[in-house]
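Visitor: Please show me how to read the packing in a model like this one.

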Amino acid sequence: MSRRHSLVHGTLLLTAASLALRGSGMCFQIYLSNRLGAAGVGLLQLISTVGLFAMTLGTAGVRVAAMYLTAEEYGARRPGGMRKALLCCLGYGLLVSSVGGLALVRTAGWISANWIGDPRAASSLRLLGWTMPLTCLWSVLAGYLTACSRLRQLVTVEFIDQAVSIAATVVLLLGWAGSDLERSCVSIHLANAFATAVTLFLLLAAALRGQRGQYPAGDSMWKRLLRLCLPLAVNDALRSGLSSTEQLIIPKGLKRYEGSGEGAMAAYGVIHGMVFPVLMFPAVLLYSLSDLLVPELARCRAALDRRRIRALSDRCLRFGLLYAAAVSGLNWCLAGPLGELLYHNSLAGVYLRRFAPLVLVLYLDAIVDGMHKGLGQQVYCVRVNTLTNLLDVAFLWLLLPRFGVWGYFVTFAFTHILNFYLSITRLMTVAGCVPPLGYTVKVLACAAGAALGAEAMLRLPMPPLAACLLGGIGFLAGFALLVLLSGALGPAERLWVRSVLGVEL
């Protein structure tokens, strides 16, 4: 199989697996939302935010480093180097995650009282601290298998992990937690930890199976690891720290605006626990592509293959824009019916429509981020992410108490658009590709026209399920027709699509 088709087929495999995993995960999220309520979902999201920040500090960029180092050794056909890269990353990850986990355990009570504002979060945070080394090792092994193109084994383990996690959560919620919110949060994180422990051994066996070759001499692997991890750690820590600060500011700012702590937590829960999962669910395709672009571009960069770098960048951005425009329009016209169908909450539909246009920025930024990591632009990413996250925190602090949710939306839109602009202009310089302005205008016009047509169809009274089916089919058919009639897909794009589908020209 050629490298081009290997990347495409790997992306499709990861996407199919991610769609199945995220689909079941989203259904389970709906179940949790109905069981915990909007305020409970808000508390769970804040616990997860703090846990993610602690996990970011505790992994210190080791997952991406494992993918990058393994891809370089894999491309150079040095199996001994691949194994040494894996063992170095596992040792480094175990050390830093143990330190980070212990720090979270010791500070859980203080964080719950002073950051989250709810003592019921302390038990879940302590559990996350104790299990952090398991999660870190799991991510290192997953990155290693991705770089080795052993995606089928990784996908199998991910399915097992999801099934065990959901089953264990349901058992704990029904048999132990009851209506106690603190126990419910602990049950969810305990079930995740149990599934991680079970599947960690499967990942380790898959990673070490069949490895041969002598270890390369010297300590260069540790030096290469630290050169990668240090900028990645700084980038991830700054971005996650500021992002966590942002997430913790939101309910407090909304409380100052609304005057009700329960109402503020409910609004936060609707946006982050209901709207964003729906908005970002289709992004699994682009996240799969982004993950595979890291080792692919790393190999191209090592081989000085600038022609393939330019071609990959151009085609992935064109595909990403087409896909993001379709998802954005679909969410915009189906926002109301989706909110009622999934959550029986009209406010979820209002917020979903408001955030739908930003899908264009969020989805394309996912691809650009993977390209930057593969092209060794970690230091630049640190600068951009630090700037935009600082602006995030400053604007939220100023705008939320005065404008409420509108202040959050304006801040979110401005900082994410700025981040994307700075990232895409840097990518154009590094990869040497030209922005497809004409293509962009045509695709956006097609999406807008199809969305307006589908919305007109949905003005007729009908049940939410029928509205979602009719509006979705109408939008997708209209969008596809407009794209073909407008000539947005030129000869080069059509040739690429036919090649992706396996037709040799």
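Guide: Contact here means heavy atoms within 4.5 Å. Setting aside neighbours within four places in sequence, Tyr363 is in contact with Leu279, Met280, Phe281, Pro282, Ala283, Leu286, Tyr323, Ala324 and Val327. This is a predicted model, in which local features need pLDDT of at least 70 and side-chain atom pairs count only at pLDDT 80 or more, while totals for chains, interfaces and linings use all residues. Residues are numbered from 1 along each chain as its sequence is written, and side-chain values use heavy atoms, with hydrogens and water left out.

Visitor: Which residues of the largest nonpolar core touch the most other members?

Guide: A nonpolar core is a set of buried Ala, Val, Leu, Ile, Met, Phe, Trp, Tyr and Cys residues joined through side-chain atoms within 4.5 Å, where buried means under 20% relative accessible area with a 1.4 Å probe, protein chains only. Among its 137 residues, they are Ile116, Phe355, Tyr363, Tyr408 and Phe479.

Visitor: Is Ser97 buried or exposed?

Guide: Ser97, which lies in helix α3, counts as buried because its relative accessibility is 0%. Beyond residues up to four places away in sequence, Ser97 touches Gly58, Met132, Pro133 and Cys136.

Visitor: Where does α3 bend?

Guide: The bend at a residue is the angle between axes fitted to the seven residues ending there and the seven starting there; for α3 it is about 60 degrees at Thr107. Just after α3, Gly117 has a positive phi of about 80 degrees.

How values were computed
Helices (H or I, at least four residues) and strands (E, at least two) are DSSP runs, numbered from the N terminus. Buried means under 20% relative accessible area, exposed over 50%, partly exposed in between (1.4 Å probe, protein chains only).
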